[in-house]
Amino acid sequence: MSPHRLADEVGRRLATRARWHPMEVLFWGAVLASIYILPGRHLILTEIAILGLFALSLDLILGYAGIVSLGQAAFFGVGAYVAGLLAKHGIITEPLLALIVSGLAATLLGFVTSFLVLRGSDLTRIMVTLGVALVLREIANRYAWLTGGADGLQGIEIKPLLGLYRFDMFGHTAYCYALGVLIVLFGLARRIVQSPFGLSLLSIKGNPLRAAAVGIPVNGRLVAIYSIAAGYAGAAGALLTQTTAFTSLAVLDFERSADLLLVLIIGGTGYLYGGLLGAIVFKLMQDYLAALTPQYWPFWIGLLLVAIVLIGRERITSWTRPIHALVARLDWRGRRSAPLAATDGR
Amino acid sequence: MVGDGRAGDGTQMLTILFDGIAYGMLLFVLACGLAVTLGLMNFVNLAHGAFAMAGGYCTVILVNRWGMPFLAALPLAFLCTAVLGFAFERTLYVHVYRKSHLDQVLFTIGLVFMSIAAVDYVMGSSQMFVRLPGWLEGQFSVLGVGIGRYRLLIIVVCGLLTLMLQLILARTRFGSQLRAAVDDQRVARGLGINVGGVFALTFAFGSGLAGLGGALGAEILGLDPIFPLKYMIYFLIVVTVGGTSSITGPFLASLLLGIGDVAGKYYMPTLGAFVIYSIMILVLIWRPQGLFARGGAR
């Protein structure tokens, strides 16, 4: 096969891979239907959408670039506080615009701190990301005149969305808004990971040294995806502030980063839907268990984490395997072509 | 954390130095087990603080409820936590050594969360204090420098422990086996050293030391269910800054951290813990193996 034809072939297969799958269509159809089917549950559904978006940000760096982070709450918190401050001081009152600005602020922080996670082992990365989140929490705690300190940022008033839709107490507007943001950002993430850029990330995750040897600018790619993921986390934080009209130091808590890892592990990493499925399972579980004993909820999280590790993560996420099998069978994209790896060796 | 005897600038500085040293030595006893765990098995035990908390609560029960003398309760706290550590190591931890760092982190965070909720359930969420004997309270003055009696005890006990550790590591057969295993696990195995056994004992001993530190530190650090989370980062700082290849590294790092933290809170209260976290990040970036680490091949 000549190099030119090979490139064509690769491009064609990438395009095939990137097409929307019937199961995906079904999933998003069900999500949209929830607006009408479950009008009484919009408050928890909003929480699920926000958590799903947050988990998506971790999946982008953990599932695709292999960066283990224990401080994703840093970006979530920055987004939440920026959105809160913008609304409180009337700087940008339109929520969607404020959301974009908050996301960009988090992206900027992600860009600046991304240089810290380029070097070192998993362990170094874990501690550096944890350290960054702690520093931010400490800053938010110290500058109480700006952030409200331990009492939280009070007196936030969220203006109607696009100047038209008022946020109601049943959370209908909030849910539609959060869902809209989630869908747009999910589509973008899907586009990113299906692109050649996304493939280069996967190869970096597989083996950074070899990726560099075939000419992939490893550091540049890692900086880019880390900043993008930070923006996603920031958008999720901003959504939380805007839909609850409140934010506090809890958005920067270590527990938030730890819970996030659990959410993603429940759903599985590296196929974007893991975070969303994990968020649904996690929130429903929390809703049920926390209703029994709210104070001892951490115990169940801990037990789950320990059990997942002892049983093995691969075995835990195997509950999605029948779904994958079904997905493969329902594929409308024609016959399954042989995987790329089988043909590129000549 | 700072004594009350603030006469002049010089003596006040000495008092801060004294308090800082006491704090630092306490941190060392708390964290040295973690350094060994990390150095020996490359295992991230974020739940190390949970063992310290266990020691603290053990002392609270022994002294406050059963009326045992404080000094007699300390060895018991050590023993209880060591047994606890041994049991956990043999039943749970041993399955996780070969897994990835992400798995280790998930696992130990899970343990932290469980310990927090369990202690909350059994002991309640409020802060606990150990009832100290009268002769340990208050302070006396040497050349105008205020010396807290309790802090002096901490320095004496922790100093003796450090000396003992150094002797065990340097002089005993077990110590040389441990050092060999830390330096190169595979070769140590090849020489017939039972690395798993060495590790189980070390883990139990490190947990015991953490428990003793928790018992001693309940008065200074405060004892409540979120203890393992609150001090997790301090232990990590000691280990990252000190490195894991020797015992001197973490010791110096603990002293620096203790003095820096006490002085920072006194002289620059607005900055708070900010400086310490930033220093940790910088050290991690600059020298991922720790400030005092030898340039070993690992």
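Modeller: Two strands pair if DSSP finds at least two bridges between them. Helices (H or I, at least four residues) and strands (E, at least two) are themselves DSSP runs, numbered from the N terminus. The model is predicted: local features need pLDDT of at least 70, side-chain atom pairs count only at pLDDT 80 or more, and totals for chains, interfaces and linings use all residues. Residues are numbered from 1 along each chain as its sequence is written, while chains are lettered from A and ligands numbered from 1 in the order in which they are written.

The part to look at is in chain B. Strand S1(B) covers residues 139–142, and strand S2(B) covers residues 145–148. S1(B) and S2(B) run antiparallel and are joined over four bridges. In this pairing Ser141(B) stands opposite Gly146(B) of S2(B), and Phe140(B) faces Ile147(B) of S2(B). Two residues lie between the strands, which makes the pair a hairpin. One residue of the turn, Leu143(B), has a positive phi of about 55°.

The faces of S2(B) come next. In a regular strand the side chains alternate between the two faces of the sheet. In S2(B), Gly146(B) and Gly148(B) make up the covered face, and Val145(B) and Ile147(B) the uncovered one.

Chain B has 11 helices and two strands. Read from the N terminus, the order of elements is α-α-α-α-β-β-α-α-α-α-α-α-α. Chain B has a radius of gyration (taken over C-alpha atoms) of 19 Å. The globule rule, 2.2 Å times the number of residues to the power 0.38, also gives 19 Å for 298 residues, so chain B is as compact as a globular protein of that length. Along the principal axes, the C-alpha atoms of chain B fill a box of roughly 60 × 45 × 35 Å.

A residue is buried if 20 or more other C-beta atoms, placed from the backbone, lie within 10 Å of its own, exposed if 12 or fewer do, and partly exposed in between. In chain B, 48% of the 298 residues are buried. Cys32(B), in helix H1 (residues 9–41) of chain B, is buried because 26 other C-beta atoms lie within 10 Å. Two residues are in contact if their C-beta atoms lie within 7 Å. Beyond its neighbours within four places in sequence, Cys32(B) touches Leu165(B), Gly206(B), Leu209(B), Ile247(B) and Pro250(B). The C-alpha atom of Cys32(B) is 7.9 Å from that of Phe251(B), although the two residues are 219 residues apart along the chain. For chain B as a whole, 78% of the contacts with a separation of 6 or more join residues 24 or more positions apart.

Helix H2(B) covers residues 48–65, and its end C-alpha atoms are 26 Å apart. Gly67(B) follows H2(B) and has a positive phi, near 65°.

Chain A is built with 17 helices and zero strands. Its C-alpha trace spans about 65 × 45 × 45 Å along the principal axes, and 44% of its 346 residues are buried. In helix H4(A), residues 73–88, 15 of the 16 residues are buried, and Gly90(A), just after the helix, has a positive phi of about 65°.

The contact between the chains takes 35 residues from chain A and 36 residues from chain B. On the chain A side, helices H6 (122–142), H12 (254–267) and H14 (297–311) each give two or more residues. H6(A) gives the largest share, 13 residues.

Last comes pLDDT, the predictor's confidence in each residue, from 0 to 100. Chain A has a mean of 82, and 92% of its residues reach 70 or more. Over residues 334–346 of chain A pLDDT stays under 50, and the model has six contacts beyond four places in sequence for them. Where pLDDT is low, the predicted coordinates should not be read in detail.

Conventions:
Expected span 1.5 Å × (residues − 1).
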